[in-house]
Amino acid sequence: MYTIQKAKTEFLQAIKQAAPAGFIPALEDLETPPDQKMGDLAFPCFDLAKSLKRNPAEIATELAAKIGPKGLIAEAKAVGPYVNVVLNLKAFGEAVYGEMKELAQEYGMSDVGKDKRLMVEFANLNSHKDVHIGHLRNLFVGQAAVNLLKATGYDVIPVAYINDLGLHVAKSVWCMKTYHKDEDVKLENRIAFLRDVYIEANTLLEEQPALVAQVTETFRHLEEQRGDEIALWKETRAWSIDYLKQVYNELDLTIDHWYFESEVIAKTKKIIEGLIKQGIVKQSEGAWIVDLKEQDLGVNLLIKTDGTLLYNAKDLGLAMKKEDDYHPTRSIYVVDERQSHALKQLFATLKLMGFERELQHLSYEFVTLEGGAMAARKGNVIRYEDLRDELLGEARRETKSRHEDWSKKKIEKVVRAVAFAALRFSMLKQDNGKKIVFNLKEAVSFEGFTGPYLLYTYARIQSLLKKAGRKKAKATTATLTHPTEHQLVFLLAKYPEIVFDTAQTLAPSMLAQFLFDLAKTFAEFYAQVPVLTKEGPDLSERLALVRAVGTVLAQGLELLGIDLIDEM
RNA sequence: GUCCCUGUAGCUCAAUGGACAGAGCAGGACUCUUCUAAGGUCUUGAUGGGGGUUCGAUUCCCUCCAGGGACACCA
């Protein structure tokens with residue numbers, strides 16, 4: 001049990017003893033006062049007031065009077081209708097340090113997920129298309145979810161599902177075959193070529209709808225793996241996969257298994273044949289569907305009138321393949337909110353098939369531009385590389401202006417860390433349920449509630465520790481009297497709860513907010529409390545505090561997938 | 001038309017049904033002969049409208065308004 005939980009338990013015990021017999025307060029009743037000056041933990045007396053039919057403030061006063069200093073509690077006081085306790089910084093702080101030392105890298109982790117295998121599907125990119133900023137949210141939210149679930153003890157299998165055989169691919173291949181045959185595309189132009197071809201295909205099809213028949217023909221050939229398009233598909237697919245791997249690698253995504261749409265087609269067809277026999281899949285208006293009207297989900301369209309498979313059909317094959325490969329007890333699909341209906345249909349269809357695993361849609365709102373949604377077919381997207389380079393450039397300017405004497409290598413290391421921290425944090429700091437309206441000016445800002453601010457805090461900590469040299473840190477808290485010191489100790493203790501809650505809800509913004517609070521409190525401490533100026537117990541205890549804050553900051557940022565640097 | 005999400009300060013966002021609704025940016029005023037000023041301090045400024053439930057509502061319910069999304073051949 002973490003120290004924070006011990007403190008809460010002690011507080012509850014004290015309340016229970018002070019309250020009339022039979023009253024049993026629960027852990028969830030406890031709150032955090034809005035201002036630490038009012039105390040560290042709070043117990044609201046409203047429920048008690050109601051059952052006793054008395055004024056909550058009076059009850060708070062009575063209860064507080066009965067609670068004396070004991071264990072981790074230094075003092076109890078009534079503040080209006082609340083009983084607040086101030087924790088004994090010495091006992092509490094030392095318990096927290098003890099725990100941090102004992103658990104080291106595992107501080108904050110837990111084992112609720114022990115013995116449970118869980119699959120997280122994310123990073124579902126399309127071949128033959130660019131990676132744009134909308135995808136980044138998926139990549140970062142997914143990776144954070146993976147990290148957090150691992151930290152709470154789950155056996156997590158992160159997988160990506162690449163759509164290398166959708167209609168978009170057929171359009172591209174058709175366009176290349178028809179209008180760009182034998183064109184020599186240089187290595188460095190491959191991705192740009194694919195992008196242009198895709199836009200060209202969409203424009204042509206819009207202008208001349210009759211051409212759709214040709215695309216359908218190509219699509220059918222690709223699905224059946226025959227025809228002269230296959231070689232072209234294979235070649236360009238490889239270009240794309242190379243590119244995607246490079247991006248994933250650059251973004252440090254940990255993906256155990258890559259699934260491809262092209263490899264689930266045979267399985268999907270077999271499944272559908274079975275479902276037709278069972279009467280689950282029926283023909284309707286020339287297409288093949290699963291009727292989900294009873295579940296209020298309309299119809300799940302699996303096979304088009306032209307005989308080609310739809311995405312939702314192939315997801316059935318994928319689900320079965322995942323089951324065969326890993327048999328996870330629970331599957332999480334990290335997909336944007338716009339597809340929640342399609343996923344509900346998928347889950348409902350799997351259920352009809354007798355598939356009993358727990359399925360969960362981790363949904364997030366999409367990223368849009370100020371002028372509206374992005375669309376690759378129109379070409380109005382902000383490409384990942386463009387944004388990245390913009391960020392790198394900005395980071396380079398800032399870093400160079402601050403450190404004229406640094407070597408190029410050193411600068412580049414910092415530049416990379418700053419740019420990627422900014423990118424990742426900007427996508428994770430906001431609630432998953434809220435749309436992100438992308439704003440370049442904001443994205444390249446490194447001040448305030450941003451990744452670089454957190455990096456900067458960490459760099460200052462490292463600098464302090466470096467300057468302290470061989471001076472000993474002492475993991476006690478007897479001389480820590482400044483309010484920010486008390487706050488910092490409390491935040492360190494709270495970290496495990498935050499990690500737990502963030503993993504439960506899979507809402508990385510919660511952890512991002514917490515880390516920012518921690519950094520901000522540290523910055524206040526840093527401005528107000530000198531650490532290295534005088535020797536003595538103050539120095540060694542403050543050093544220990546500084547080091548502990550650095551540790552939690554580093555571990556928390558690591559869960560969000562953000563790399564740290566010691567100087568910037 | 002049906003369903004889902006969102007509406008909080010000039011802008012972008014916080015707030016397990018609780019204590020004076022918090023941050024960041026932008027604006028204004030300070031602050032580097034103290035450890036990194038990518039920092040700190042002070043300051044201006046907000047719950048879309050109307051009902052209801054509750055001791056207490058940004059949060060829950062109803063309704064209206066506004067924006068976004070989904071709803072059979074895209075993914």
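Helices (H or I, at least four residues) and strands (E, at least two) are DSSP runs, numbered from the N terminus. This is a predicted model, in which local features need pLDDT of at least 70, side-chain atom pairs count only at pLDDT 80 or more, and totals for chains, interfaces and linings use all residues. Residues are numbered from 1 along each chain as its sequence is written, while chains are lettered from A and ligands numbered from 1 in the order in which they are written.

**View 1. Ala-210 sits in the loop between α7 (190-207) and α8 (212-224).** Is Ala-210 buried or exposed? Ala-210 is exposed because it has 7 other C-beta atoms within 10 Å; the cut-offs are 12 or fewer for exposed and 20 or more for buried, with partly exposed in between, and C-beta atoms are placed from the backbone.

**View 2. Three strands make an open sheet.** Their order is β1-β3-β2, with antiparallel pairing (two strands pair if DSSP finds at least two bridges between them). At the edges are β1 (41-44) and β2 (73-79), each pairing on one side only. Look for β2 beside β3 (residues 82-87), which it meets over 6 antiparallel bridges. There, Lys-77 has Asn-84 of β3 as its bridge partner.

**View 3. Here is the surface near RNA strand B.** A residue is near a strand if its C-beta atom, placed from the backbone, lies within 6 Å of it. Among the 75 residues around RNA strand B, those that come nearest are Ala-42, Lys-304, His-341, Asp-431 and Gly-448. Which helix gives the largest share of this surface? Helix α16 (residues 451-468) does, with 8 residues.

Methods: Nonpolar A, V, L, I, M, F, W, Y, C, P; charged D, E, K, R; others polar.
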